[in-house]
Structures are given as C-alpha cells and as structure tokens.
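I opened my notebook to look at how two chains come together. Here is what I looked up, entry by entry.

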There are 2 protein chains.
Amino acid sequence: MKVLVAVKLKTGVLDPQGKAIGHALEGLGYNDVNDVRVGKLIELDLAETDREKARDAADSMARRLLANTVIESFEITIP
Amino acid sequence: MKVLVAVKLKTGVLDPQGKAIGHALEGLGYNDVNDVRVGKLIELDLAETDREKARDAADSMARRLLANTVIESFEITIP
C-alpha cells in the first residue's frame, strides 16, 4: 500500500531554502512571489494491506524518523 | 493565492535518499517497507488572485527552476 507523508516546517520556523528559491525566482523575473516554503514529500510503499494499520505505521515512522517534530509537522495521506 | 508544487523523481530514477531512509526504518524495526521515494513539496504564496494565471505562473516556475525536468516530474495543486 502506498502512503504519502508530507513533512512541512511549522509556521514561524525560518525557511532559508524557501528564501533562496524566492530570491532565485525574483532573479528570473517572477515579481509576485510573496513567500516560498519547502517541505518533503515521502512516498512509502508498505507491505501492509489494511489502511488503518498502514496509517498507524506511517505515523509512527514519521514521529520517530521522517519528521523532526520540534520544528516540523506532518500529514499522512493514503491515495 | 497558495499554490503547491509537488516535485518527484521520475520512475526508474535511483533515489539514494529514499534508500537511506528505507535502511534507517529497517534499523528501527519497520520490516514491511518495500520502498521509499522522497520528493519536494514547494508551497508558493503568490500575489496573483486568478486561479488559472497562478497555475500557469507556477508551471513556468517549476519548468525553469523548481524541478529538474530531466529526472523529475511535478504536479501543481491549488488547495
């Protein structure tokens, strides 16, 4: 089963990567970009076939490894 | 307007970051992870208020900067 884990920086946490992309876009002539935030999109292919068990496993993986829960939040989606 | 650009490696392109995460998850005792793929989730805050214009601008930004279209594909979503 495929499970998507979207990991984003929490609001208020500085995003230097996003700032750099914003400046680069400005340099390319895109002047209407107010802000850019960059996160990770992790696609897990799990052997688990039960949706709830797969969600719980992904949640546990996100808390222990995929996200730094001090500065990041995550969202799990099962397409 | 908020626009999300999900950038993923194309199928068949080796994902060393994904492999490393897979090994780390295995080390933590998660033995049912068949594969892990890692992409970028870029959140653009655009001054544009028209949905189609915002989508076109994000598409152009993705092709020119946000994605390496040789090895990556991208998907634009306007929540």
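**Entry 1: terms and ground rules.** I count two strands as paired if DSSP finds at least two bridges between them. Helices (H or I, at least four residues) and strands (E, at least two) are DSSP runs, numbered from the N terminus. I am working with a predicted model, where local features need pLDDT of at least 70 and side-chain atom pairs count only at pLDDT 80 or more, while totals for chains, interfaces and linings use all residues. Residues are numbered from 1 along each chain as its sequence is written, chains are lettered from A and ligands numbered from 1 in the order in which they are written, and side-chain values use heavy atoms, with hydrogens and water left out.

**Entry 2: strands within chain B.** I began with Lys2(B), whose bridge partner in β2(B) is Asp45(B). That pair belongs to two strands, β1 (residues 2–9) of chain B and β2(B), which run antiparallel and are joined by six bridges. I then followed β1(B) to strand β3 (residues 72–77) of chain B; these two also run antiparallel, with six bridges. Here Leu9(B) has Glu72(B) in β3(B) as its bridge partner.

**Entry 3: strands within chain A.** β1(A) and β2(A) are antiparallel and joined by six bridges, and Val7(A) stands opposite Lys40(A) of β2(A). β1(A) pairs in the antiparallel sense with strand β3 (residues 72–77) of chain A, again over six bridges. Leu9(A) finds its bridge partner, Glu72(A), in β3(A). A note for myself: in a regular strand the side chains alternate between the two faces of the sheet.

Entry 4: Which strand of chain B pairs with β2(A)? I found β2 (residues 33–46) of chain B, antiparallel to β2(A) over 13 bridges. Along this pairing, Leu41(A) stands opposite Gly39(B) in β2(B).

**Entry 5: the interface.** I looked up contacts (heavy atoms within 4.5 Å) and found 30 residues of chain A touching 30 residues of chain B. The two chains bury about 2,800 Å² between them, 60% of it on carbon and sulfur atoms. Buried area here is the accessible area (1.4 Å probe) that two parts lose on being put together, summed over both. For polar contacts, I take a pair of N or O atoms within 3.5 Å; within protein, one must be able to donate a hydrogen and the other to accept it, and residues adjacent in sequence count only if both atoms are side-chain atoms. Across the interface the rule gives 16 residue pairs in polar contact, both residues at pLDDT 80 or more. On the side of chain A that touches chain B, β1 (2–9), α1 (16–27), β2 (33–46) and α2 (51–66) each supply at least two residues. β2(A) gives the most, with 14 residues.

**Entry 6: one charged pair.** A salt bridge here is a side-chain nitrogen of Lys or Arg within 4 Å of a carboxyl oxygen of Asp or Glu. How many cross the interface of chain A and chain B? I found two. Lys8(A) forms a salt bridge with Glu43(B), with the closest N and O atoms 3.2 Å apart. Over all chains, the salt bridges come to 10. Lys8(A) is in strand β1 of chain A and Glu43(B) in strand β2 of chain B, so this pair joins two chains. Leaving aside neighbours within four places in sequence, the contacts of Glu43(B) include Asp35(A), Val36(A), Lys2(B) and Val3(B).
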